[in-house]
Amino acid sequence: MCGIFAAMTRNGIASSCVDRALSSLNHRGPDGHGTWTSSDKRWILGHTRLSIIGLSNGEQPMTSPDGKVHTVVNGEFYDYREIRERLRHDGCQFASDSDSEIALHLYQRDGMQVAPQLRGEFAVIIADERENTMIAIRDRFGIKPLYYSVVNGDVFFASEIKALLALGVPAAWDLQGALGGMARPHEQTEFAGINSVPQGCYAVAKDGTVRIYSYWDWEIPTTDDMKRDNRTEAEVIAEFRSVLMDSVQQRLVADVEVASYLSGGIDSCAVLGLAQQAMARPIRAFTLTFDNPLYDEAAIAEKQAKFVGASYHPIPVTGRDIADSYSDAIWHSETQMFNGHGVAKYLLSKAVRDAGIKVVFTGEGADEMLGGYPFFRVDAVKHNPALSEAQKSALFAEILGTNEASRAIMLPNEVNSPTTDAVRRRLGWVPTVVHTMESMSNGLAPFFSNDYAAYIHGHSPIVAALDRLPIGQRMTGRDHLNQSLYLYSKTALPNFILSYLGDRMEMAHSVEGRVPFLDHRVAEAAARIPVDMKVKGIREKHVLREATRDVLIPEVYNRQKHPFTTPPTRDKNDPMLAFYRDTFASQAAKDQPIYDMQKVNKALDKLLDCPDDERIAVEGGLQRIASVVVMQKKFGMS
């Protein structure tokens with residue numbers, strides 16, 4: 001993985017801005033820096049390199065033999081060897097061993113048809129001087145970040161917002177974006193005038209404008225289509241095992257060691273198990289551990305690693321560690337956090353990098369494809385016509401269980417509001433995840449300043465997100481569970497999971513995360529899986545359990561989903577409590593335009609009085625507020 005940026009200006013850009021942009025992305029690519037500047041000095045491409053494939057000759061930017069097309073790439077392309085051989089057969093000559101070079105030659109041969117041919121985690125910027133155009137392509141799921149901004153007719157692209165700021169884009173709050181959290185439209189950020197290139201899309205910049213086009217989206221069969229599926233359960237399982245195994249094997253290709261993150265959950269355990277089957281040496285597996293036994297998965301992770309023949313490496317993280325690193329993690333994430341798990345991933349990646357690792361497997365994506373979270377199970381049960389009301393009630397009681405984190409974060413009470421009414425008008429029903437998102441927003445509302453509350457009155461992030469989605473094409477006629485999965489994959493997955501739990505915390509320490517579940521061939525197979533094989537009764541990800549049963553210990557195979565969270569603040573000596581107090585007393589807290597800090601500090605004073613099963617949710621709100629204050633300070637927001 002790498003860091004990339006581009007400027008398409010009318011009058012050029014100062015070299016000092018270019019240097020600052022390169023410096024701001026150094027953590028994404030400490031192994032080399034490169035730039036290309038057009039002859040008239042108005043266009044610039046920048047690249048910071050993390051060398052993974054083609055270690056000795058993969059420098060970027062890359063230029064076509066005729067000198068007219070230039071490209072920078074962040075990410076990995078799989079199947080690149082086969083593509084390269086076909087391109088060579090067509091007469092293309094390669095100057096490097098890097099997988100990135102195929103994007104340049106594919107574009108020269110096929111133009112905008114390049115995007116559907118790329119497989120992997122990537123962001124690409126192409127400067128085509130022949131067409132006076134820049135094209136920016138983002139992978140199908142938004143694994144790799146890619147932002148853009150248009151300022152007075154100048155167009156800028158970059159892997160991270162901080163690079164756009166270095167190039168001269170102003171730092172200002174998007175006050176609606178700041179409200180949204182997980183629920184906002186994917187292309188919206190918390191920075192005014194700065195947007196994401198949406199997942200599965202490419203942007204075309206020309207004459208000072210940017211237009212967005214989709215090249216891929218989740219294709220979920222209709223309910224009627226699913227009824228015509230006559231495959232046996234064994235056939236479905238075998239197909240899913242095959243595509244997942246292929247995805248894992250493709251992601252083992254590297255010129256450096258590939259390691260793995262490992263929790264006690266089925267996703268990372270399955271990935272590690274399949275990867276270890278394809279490797280002769282033990283894979284190094286790294287696990288976060290906590291001093292609170294309710295949140296620590298060390299024992300089960302160690303047993304799983306031993307079972308598959310991997311090498312287990314625990315990484316202990318304390319409350320002090322999280323408090324000390326919170327602000328740095330926010331600077332890297334460029335968004336709000338509502339739990340310390342993002343900071344924990346930041347610390348995990350640091351430990352992995354210190355161990356000499358550049359590439360790790362991660363397990364993100366399975367929950368969004370196969371119904372892993374408790375709110376998906378609720379939808380599966382609630383809308384299952386084969387169940388009686390008594391059966392549904394019994395299953396709901398099992399889903400709710402006694403897990404504090406699940407109850408507080410994943411399964412709030414149903415919310416009746418203008419937002420849920422608006423969602424019902426659009427979909428005909430309200431997914432349980434909408435209640436989760438609405439509950440989180442409502443929990444913050446009492447702390448808003450009067451001016452901010454008046455400004456965002458009537459704005460609903462989740463409704464705004466729905467209105468940006470092709471509901472008729474992708475959701476209408478689908479099973480309720482599949483509709484909920486699609487909605488979550490287009491909001492929380494790119495805005496939250498793949499950002500501050502994925503790329504940003506990994507690349508903060510120059511670690512490349514590879515995500516086998518988020519391969520489009522895996523996603524396409526998952527979309528065709530019958531609903532009752534995604535959630536069977538209350539058993540989430542049934543097909544994954546069966547497809548990888550041979551590489552799982554019984555404790556993992558039988559385990560329900562446990563949300564990845566860090567322990568809540570426990571007592572008055574907890575380091576996070578001191579972090580909150582210092583943050584809320586800062587000048588930045590006074591300067592930020594969103595929260596009334598008097599109300600916030602009163603809530604902080606009462607935090608330890610909250611019952612244990614409520615404290616996680618209450619503290620989640622305080623962490624979002626702290627995130628805003630840190631962003632105000634770190635980015636000099638106006």
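Tutor: Let's start with a term: a nonpolar core is a set of buried Ala, Val, Leu, Ile, Met, Phe, Trp, Tyr and Cys residues joined through side-chain atoms within 4.5 Å. Buried means under 20% relative accessible area, exposed over 50%, and partly exposed in between (1.4 Å probe, protein chains only). This is a predicted model, where local features need pLDDT of at least 70 and side-chain atom pairs count only at pLDDT 80 or more, while totals for chains, interfaces and linings use all residues. Residues are numbered from 1 along each chain as its sequence is written, and side-chain values use heavy atoms, with hydrogens and water left out.

Student: Which residues have the most contacts inside the largest nonpolar core?

Tutor: They are I137, F240, Y488 and Y595, in a core of 195 residues. Helix α32 (residues 612-635) gives the largest share, nine residues; helices are DSSP runs of H or I with at least four residues, strands are runs of E with at least two, and both are numbered from the N terminus.

Student: Why is K541 called buried?

Tutor: Its relative accessible area is 2%, so K541 falls under the 20% limit. K541 is found in the loop between β19 (539-540) and α27 (542-547), and its phi is positive, near 55°.

Student: What makes N132 count as partly exposed?

Tutor: N132 has 36% relative accessibility, between the 20% and 50% limits, and therefore counts as partly exposed. N132 lies in the loop between β6 (120-128) and β7 (133-138), with a positive phi of about 55° although it is not a glycine.
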